[in-house]
Every structure is written in structure tokens, then in C-alpha cells.
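Q: I am new to this structure. How do I read its features?

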Amino acid sequence: MLLIKKVIWIFGFLSFHFSIQLYSQDIQRYRDDAKGDLQYRRQGIMDGNLVRTLFDNCGMIGQWPNQPSGEWPKASGHSYLDGLCVLIASEVKAPGNEQIIHPLETYYREWVDKDPVTGALWTLTPVPGYANPNSQTPAISADPNSWPSEWPAALGLGSDWNGSWYGYFGKNILNADLETFYVMDDSKDYEWTRQPYNFFPIASDLARGGLGLRVEVRGFQWSNPLTADVIFWQYDVTNISDNDYDNTCFGIFTDPGVGGIYDSGDDCGSFDTELDLVYAFDSNGFGVPNNWKTGLIGYAYLESPGNPWDGFDNDVDGMIDERQDDGIDNDNDWKVITDDVGTDGLPNTYDFGEGDGMPSNGEPNFDKTDKHESDQIGLTAVSIYRLGDGGVGGGWPKDDETMWLKMQAGTFDTSLQNSNISIVFSSGTFPFKQGSREKYSMALLFGENFDDLALNKNNAQSIYDRNYNFTPDSTTNVNEESSNNCNKYSILQNYPNPFNPTTTINYNLQSDGIVTVKIFDMLGREVKTLVNDYKNAGSYSVVWDGKDNYTNEVCSGIYFYDIKFGDNVITKKMILIR
């Protein structure tokens, strides 16, 4: 037994050091990749479901006054967004004068940092090679003409990927209705390389400014009813610098425009830390032109950066200091039978890692594909404020120090309402070690009211938590009733919804017969049987108390309830929030 344990320990030690060595090679490939440049900026449209919006490969979504900019529902002409951009900032001691500085890496349509002499922008810029050079848009899954003929060597792909879609789910796997992928870096931010600061993130590369960050970005849309009002955005940020950044913030700057581009003076905003959700709405509830009824726009963290070095269970999931780049299946959910498919995510392609009995980078439920392997810190700061005209007043993407203060954990300033508001929200601060990779994922979502927005957020969260897997047949089962079924029986939407801890389900029978009403979770597992009896024709009500068949309280989340009468079944969805 001792010998077996020793062999297992040695194998684990060698596997760990192999993963570190492999990761070091990744960093060098990233450093060797071409540097970003604004000449490669491209703009596209995400319109794979009810949300339609401009985006570009510098990290910006929406672009006032151009349209569509956060249009919902698609083809309505109803705009909710003036613009949105990524914010990444770290605390650094400048070697030239030992001053504490906070370089902010971002890109926005106006008022960003620029060279006072040449006018060159000091921003995030797109890295070339990740789209067809002749394409007018970033690489989009629905348009093979936008793909590069060869993916850059920095991705570590084999030649068999040439001409294929570099999908999140694997080679040529078009799981989403629409997916985009691009890469950007901060190499052109020369603000802090100047005298007297003299800060260069990589000492051997004086042509690289910024913090030394590489950002891989993916956007996803599904037309599935559960996420038809959502765009998923995923940002993988790698620190390829020479430095450990002990204090870093990842955030979003947004300028909501609920009600249209000429109706932005009466917006309001708020947040919900339990939902990791920030949202905006119009104070009078009407947009221009034509006084259309407005809904809400929301920005929600689905996955935030983690802190795997503080010895604390930041996300209260029972694991401490788990990481997505340590080569360890921290939550033990990787399965040989289903997940041992190799780094391309496809079974039966015999690529690296397939069938070796061990989890490999790129396989499902392991490291970067498993959000539960990050000790997430969540939404920690929100500031709602009004921007000054002409770039004054602080709070613009060019204002490094002001934005750093707004992004500090524990900063919640929502006093300004009913104005032309801007919002900064953040997940930070956390240590961002040299060579480490952090992911933060956001849902841009819409709803008719707050309850609808919360339902959409929880739908998105549940699906994201399952690595973008949907409940089987959810596209046809949810909220649909055939005319034949309606002649025999009907089931109404539960009320309240969302609910805590009880909700009522009403149903009607047009004839006598055996009726079952059951609750299921997102995986299709039965949670509780509410009704299983012979009933006479009539109207009935049944209450679910949020407990399973064994009287145990179930967790917050999305559930389905169905009524079976004869050979027919009707299914509806509901959400429990504790």
C-alpha cells in the first residue's frame, strides 16, 4: 500500500510539473504572438437571438449614435445601450520614480488615453491573425469567410485546425447559434513607459507597454427560449508580464441608453450582489420615438476572477483556493466516460489527451472549462454617476486613477438617479500572478421588468454553470401547449415567480382522469411529485414548498414543472431564489 501511494504521489508530482512547463511554453508563445494594433479593428453585429448589437474586437459593445446598439427585441428599433467596454487595472510601483500608479487597460468610442504629441490611442488593441485579413468583421462562426486560413501559433493548435472554426466547444463545433472569437492586448498603452515612470511590463521588450496582458474574448448567443434575451461574453485574461500584480480589478464601464439615443436623460440604475447583477431602467418607462414601453438592461457576472492565494473560501462552495490553471480537477467532476475526449473537445479524433485516463487542458469539466475551479470573488463594487461633457469631471475611460477608485471592493455609490448616468462595476481586488490566467464572464441581458430580468439572469447562470448545456428538448417543451392539449387540460404559470419559499400552481381539467404534477431540476431529475391521483373535471391548485420528496429544502435555481394527463405533457419553468 505504501508503494502504491508513493507511485501515485510521484505521478501526481510529475504531472503537476509537466502542466507548469507546458503553461510556461504557452506564455512564451503569447509573447511571440504579433502585437495588437488599431489598424486591425473590425466591427460586427451579434444578432443570433432577440438581442442585436454592434461590437468590435477592441472589447467594446454598442456604439452611440450608430445602431443597432443594445437593440431589444431584434428589429424593434428599441435601443438600450450607448456603449460598454472592458476595464482592467492593477496597482504598480513605477521604477522610474517609485510612484504608485494604476494603469487602466480599456478601449472606448471616446475620451480614452492618447499620446499628447502624436494622438495615438493608448488602449486595448486587436491582435492580428485571428480573422481573415480581408474580412470586415471579427471572426464569426456563421461566416467562414471571416475565419483565418491558419490560426496563429500562439493557440498551440495543429495544422488540422487550418480552415476550421476555433470553437469554444471544439473544432468546427457550432454549439451556439452565433459565436465570435478575437484576441486583444494592451501593448500600445505607452502612457506609463514615459519619463519619469519608465514602467515596461516585460523588461526585455521595450516595444510593449501596458500591464502585459493578453485577452481572449468570446461572445455567444442562443435562440433557445431560456436565453433568447441574453448575450454571453467571456474574457480570458493572461498576465504575460514579468510581474505579480498583488492588487488587480476586472470591471465594466457602461453608458446605458434605455429608451433610445435621444432619451438618455432619465435613466436609473441599481444592483443586486446576490445575483451579481447591475441593471438600468428608464424612470418614466417610455422610450422615443413613439413612446414605446421600456424594459431593463442588465449586466451580470456569471464568472468572476478568483483569489486562490488567500486561504479563504471566497465563493462559499466548500473548496478553498481552487484554480483553473493548476492541472488539478479541484471539484472532481471530470469523468473518464464522458470527458476524456482530448484537447479539441471532440471524441474519436485521437488528439492529444484523448483516452489517456487523465483530464487534459481543453476537455470538459476541467480547469478553464469549469467555472467551479475558480475561487470567485463576485461583484464587489458599483458606481453610478454622470459624466462631464468634453471628457471632464473624471470617470471617463481615460481617467486611470478615478476609475481605479471606483473599482475598489466595497465601493457602492448609487445615489445619482434619473439622469444621463454611467455605471462602473467591478470584481476586485485580487492578486494576478505572473503567468496566470483569469476568466470573467458577463451576461448582457434584457427583461420586461425586474422579475423577468432576474429570471433571465438565473437561466443564463444555470446554463453557464453547466458549460452552456441546455435541458434536453427545452426548445420545445417550455411554455408550449398544443391546441389538442388545451382542449383537455391546461396548466397556468406558477405564482409568484420567482418565489421563496412557496409558489402556487393552478391547472384545469376538461374531463375526468389520472393527473400527475411533478417538479424537475435543470438536469431532468425528479425533485418532487405534487399530484398523482384520479381527478374529476374542474379547476385545482397545488402549492410547492421548495422541498423535495424527502422534505429536504432544495437549492436556489431553475426548475420545471409538468402536468401529465393521459399521454400528453405540458411543461413550464420557474425559479426559486432563497
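A: Start with pairing: two strands pair if DSSP finds at least two bridges between them. Helices (H or I, at least four residues) and strands (E, at least two) are DSSP runs, numbered from the N terminus. This is a predicted model, where local features need pLDDT of at least 70, side-chain atom pairs count only at pLDDT 80 or more, and totals for chains, interfaces and linings use all residues. Residues are numbered from 1 along each chain as its sequence is written, and side-chain values use heavy atoms, with hydrogens and water left out.

Q: How many bridges pair strand S26 with S29?
A: Seven, in the antiparallel sense; S26 covers residues 503–509. Look for Asn-508, which faces Ser-539 in S29.

Q: In which sheet order do S25, S26 and S29 come?
A: The sheet is open, with three strands ordered S25-S26-S29 and antiparallel pairing. Strand S25 (489–491) and strand S29 (538–544) are the edges: each has a single partner strand, so one side of each lacks a neighbour in the sheet. On average, neighbouring strands here are turned by 20 degrees against each other, direction ignored. For such angles, axes are lines fitted to C-alpha atoms, for helices over the stretch in contact, and angles run from 0 to 180 degrees between N-to-C directions.

Q: Where do side chains point in a regular strand?
A: They alternate between the two faces of the sheet.

Q: Which strands are joined to S30 by bridges?
A: Strand S27 (residues 513–520) is joined to S30 by six bridges, running antiparallel. There, Thr-516 is opposite Lys-564 of S30. Strand S31 (residues 568–576) also runs antiparallel to S30, with nine bridges. In that pair, Gly-557 is opposite Leu-576 of S31. S30 and S31 make a hairpin with two residues between them. Gly-566, in the turn, has a positive phi of about 70 degrees.

Q: How many residues of S30 are buried?
A: Buried means under 20% relative accessible area, exposed over 50%, partly exposed in between (1.4 Å probe, protein chains only). Strand S30 (residues 557–565) has eight of its nine residues buried.

Q: Is Ser-360 buried or exposed?
A: Ser-360 is buried, because its relative accessibility is 7%. Its place is the loop between helix H2 (336–339) and strand S21 (381–386). Leaving aside residues up to four places away in sequence, Ser-360 touches Thr-343, Gly-353 and Phe-366. Contact means heavy atoms within 4.5 Å.

Q: How many disulfides does the whole structure have?
A: A disulfide is a pair of cysteine sulfur atoms within 2.5 Å. The search finds zero. Cys-58 is buried, at 1% relative accessibility. Cys-268 is buried too, at 8%.
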